[in-house]
Amino acid sequence: MKRLAGSVALALCVSSAFACDSGEKKDAKKADAKKADAKKADAKKADDAKQAGGDAKAEATPAAPVKLAALSLEDAGLEGTLQAPEGAKASAEFGAFVVNAGESFQLEIHSSAADLAARKKEIEGNTVNKLKSFVTENETELVYETEVMGKSEFHFLANIKVDDASYNCEDKKGPVYAKADVDAMLAACKSLKPNE
């Protein structure tokens, strides 16, 4: 009888040990599951923040430098060459020489100097494409930021001399340009030189 009682006691002890052990395992599994859920939630938050911040970061990150190449404007009717993005095309449109290289590079060149003071007044008085500020304002160029329906865009107008001839350059109206786009078009304009 003593032996039976000992066996029962041992069995109870072993079964309660399993029960305790099993309960501890369940608690540990629950804790691990909670940790995993917390990690997933943190990863999702980080991913969401990265995505939201990624867009802003993409805007703030400067674009990769554009490869420039000499582009003859003879096909457009102008005896000159300028530095433009590789693959750019020149054409004549409505009395202007136009250099296109995608939506972000659309440069117009006109065969006379522009009246910058008069154009400045037009820019300041535009009630649709509202002036936010002049970024550059000097005797030969205007670079300015405007706002249309709550969105910012940049534009420019510049007078240049090539030998004895005067020209003015500006961005083609319609597309929305970033500051870097305008800087690239202005640099191309300033690189205009006569064919050799």
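Q: Which cysteines does a disulfide join here?
A: A disulfide is a covalent bond between the sulfur atoms of two cysteines. In this predicted model, the bond joins Cys169 to Cys189, with an S to S distance of 2.2 Å. The count of disulfides comes to 1.

Q: Where in the chain do Cys169 and Cys189 lie?
A: Cys169 belongs to strand E9 and Cys189 to helix H3.

Q: What is the handedness of the disulfide, and why?
A: The handedness is read from the torsion about the S-S bond. For Cys169 and Cys189 this torsion is about 80°, so the disulfide is right-handed.

Q: Is Cys169 buried or exposed?
A: A residue counts as buried when its relative accessible area is under 20%. Cys169 has a relative accessible area of 0% and is therefore buried. Cys189 also has a value of 0%, so Cys189 is buried.

Q: Which residues of H3 are buried?
A: In H3, the buried residues are Asp181, Val182, Met185, Leu186, Ala188 and Cys189. Seen down the helix axis, the buried residues of H3 fall within an arc of 160°, so they line one face of the helix. Among the elements that cover them are E2, E5, strand E7 (141–148), E8 and E9.

Q: How many residues does H3 have, and what is its reach from first C-alpha to last?
A: The length of a helix can be set against an expected span. H3 has 12 residues and reaches 16 Å from its first C-alpha to its last, close to the 16 Å expected at 1.5 Å a residue.

Q: Which residues touch the most other members of the largest nonpolar core?
A: In soluble globular proteins, nonpolar side chains tend to be buried together. The largest nonpolar core here has 28 residues, and those touching the most other members are Leu73, Leu82, Val99, Leu107, Ile109, Phe156 and Leu192. Two or more residues of this core come from each of strand E2 (80–85), strand E4 (96–100), strand E5 (106–110), strand E8 (151–162), strand E9 (165–171) and helix H3 (179–190). There is also a second, separate core of 7 residues, including Leu116, Ile123, Phe134 and Tyr144.

Q: Which residues does Ile109 touch?
A: Setting aside residues up to four places away in sequence, Ile109 touches Leu73, Leu78, Leu82, Ala96, Phe97, Tyr167, Asn168, Cys169 and Leu192. The list includes Cys169, which is joined by the disulfide to Cys189.

Q: Why is E5 described as largely enclosed by the rest of the structure?
A: In a regular strand the side chains alternate between the two faces of the sheet. In E5, 5 of the 5 residues are buried, so the strand is largely enclosed by the rest of the structure. Gln106, Glu108 and His110 are buried on one side, and Leu107 and Ile109 on the other.

Q: In what sense do E4 and E5 pair?
A: Strands of a sheet pair through backbone hydrogen bonds, either parallel or antiparallel. E4 and E5 are antiparallel, over 4 bridges, and Val99 stands opposite Leu107. The two strands form a hairpin with 5 residues between them, and Gly102 in the turn has a positive phi of about 85°. E5 is also joined to E9 by 4 bridges, again in the antiparallel sense; there, His110 has Asn168 as its bridge partner.

Q: In what order do the strands of the open sheet with E1 stand?
A: The order is E1-E2-E10, 3 strands with antiparallel pairing. Strand E1 (68–72) and strand E10 (193–194) are the edge strands, each pairing on one side only. E1 and E2 are joined by 5 bridges, and Leu71 stands opposite Leu82.

Q: Which residues is Phe134 in contact with?
A: Phe134 lies in strand E6 (residues 130–137). Apart from its neighbours within four places in sequence, Phe134 is in contact with Lys120, Ile123, Glu124, Leu142, Val143 and Tyr144. Among these, Ile123 and Tyr144 belong with Phe134 to the second core.

Methods:
Residues numbered from 1 in each chain as written. Predicted model: local features only at pLDDT ≥ 70, side-chain atom pairs only at ≥ 80, totals over all residues. Heavy atoms only, no water. Core = buried A, V, L, I, M, F, W, Y, C linked by side-chain atoms within 4.5 Å. Buried < 20%, exposed > 50% of the residue type's maximum accessible area, 1.4 Å probe, protein only. Contact = heavy atoms within 4.5 Å. Pairing = 2+ DSSP bridges. Expected span 1.5 Å × (residues − 1). Arc of directions from axis to C-beta. Disulfide = S-S within 2.5 Å.
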